[in-house]
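My notes are set down in the order in which I looked.

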Amino acid sequence: MIIDTHMHIGTSLDFDMTEEQILYSMERYKIDFALVSNTEGVEFDHMGTEIPDEFQKSQYDINKRAIDFSKSYPDKIGALLWIKMYNEYPDEHFLRLIRQNRDFIYGIKLHPFHSRVSPDDARMEAWYDVCRKNNLPVVSHTGGCEKAMSRHMYNAAKLHPDINFVMVHMDLGTDNEEAINFICKQPNLYGDTTWVSIESTIKAIKRCGSEKILFGSDNPIDGKDTFLHNKSGDRSLYQQYFNELKNLIDNKDYENIMYKNAQRLFML
């Protein structure tokens, strides 16, 4: 079994990811369940420039799309609510969306790089209150700018020990050392494998235990065959996770990473 805790839909910036791509890739690469968020909630571009209001979509609308996708395929798809950390708050309209669709919602998704707000910013407290009341884990991008670095997520996890936090990428584009150290130190802080080398994942297993790492991919960021190759045609990193990692670690550890931890954390 494979549960992917980090997939996307949405057309924004240079992203163009669809429900059809996800369903195709899940069938072809034998992914049993996926947690999906909508990238159309980005608030800042790759250079850190705020996107003009006329090109932004409401938090309600983007998450309704993810929820509707889950409703259409409840045995395959779960929604992660993409939070617009910079521009929006959990108003009554949005809270009603959660209450009416709680069975299809599995957590909230933060993207500090595309919101330019850190997870330990005071304005996040209202969101963490929502997570606490609804028993929702927090999944957050890490890496790429100062506000998105793992130490901010570590701070948030430390301040909120009753909420589980998943550190996507474990500091994208780094050697993952600092992120792994934080994951080891904080019981309610986890890491995911999105664009993380299997060498770093094995290091995290040895130091933190396999119970602290979940499989995630960013699929279909490189197209419908993201699991096979990147946009340049080079072999995908995820082929190593599917075909090689299982021979490098214990079977119990492999099962923890590929699906058991997700089952436990997201109550699947």
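**Entry 1, ground rules.** I am working with a predicted model, in which local features need pLDDT of at least 70 and side-chain atom pairs count only at pLDDT 80 or more, while totals for chains, interfaces and linings use all residues. Residues are numbered from 1 along each chain as its sequence is written, and side-chain values use heavy atoms, with hydrogens and water left out.

**Entry 2, the sheet.** I looked up the strand order and found 9 strands in an open sheet, ordered β2-β1-β3-β4-β5-β6-β7-β8-β9, with mixed pairing. The edge strands, each pairing on one side only, are β2 (15–17) and β9 (213–214). For my own record, helices (H or I, at least four residues) and strands (E, at least two) are DSSP runs numbered from the N terminus, and two strands pair if DSSP finds at least two bridges between them.

**Entry 3, around β6.** I followed the pairing through β6, which runs parallel to β5 with 3 bridges joining them; the partner of L110 in β6 is S140. On to β7, the pairing with β6 is again in the parallel sense, over 4 bridges, and H141 has V168 as its bridge partner in β7.

Strands β7 (residues 165–168) and β8 (residues 189–192) run parallel and are joined by 3 bridges, and V166 has Y190 as its bridge partner in β8.

I then turned to D225, which sits in the loop between β9 and α9 (238–243). Is D225 buried or exposed? D225 is buried, at a relative accessible area of 12%. Leaving aside residues up to four places away in sequence, D225 touches Y24, R28 and Y29 (contact means heavy atoms within 4.5 Å). Its side chain makes polar contacts with the side chains of Y24, at 3.1 Å, and R28, at 3.0 Å. A polar contact is a pair of N or O atoms within 3.5 Å; within protein, one must be able to donate a hydrogen and the other to accept it, and residues adjacent in sequence count only if both atoms are side-chain atoms.

Notes: Buried < 20%, exposed > 50% of the residue type's maximum accessible area, 1.4 Å probe, protein only.
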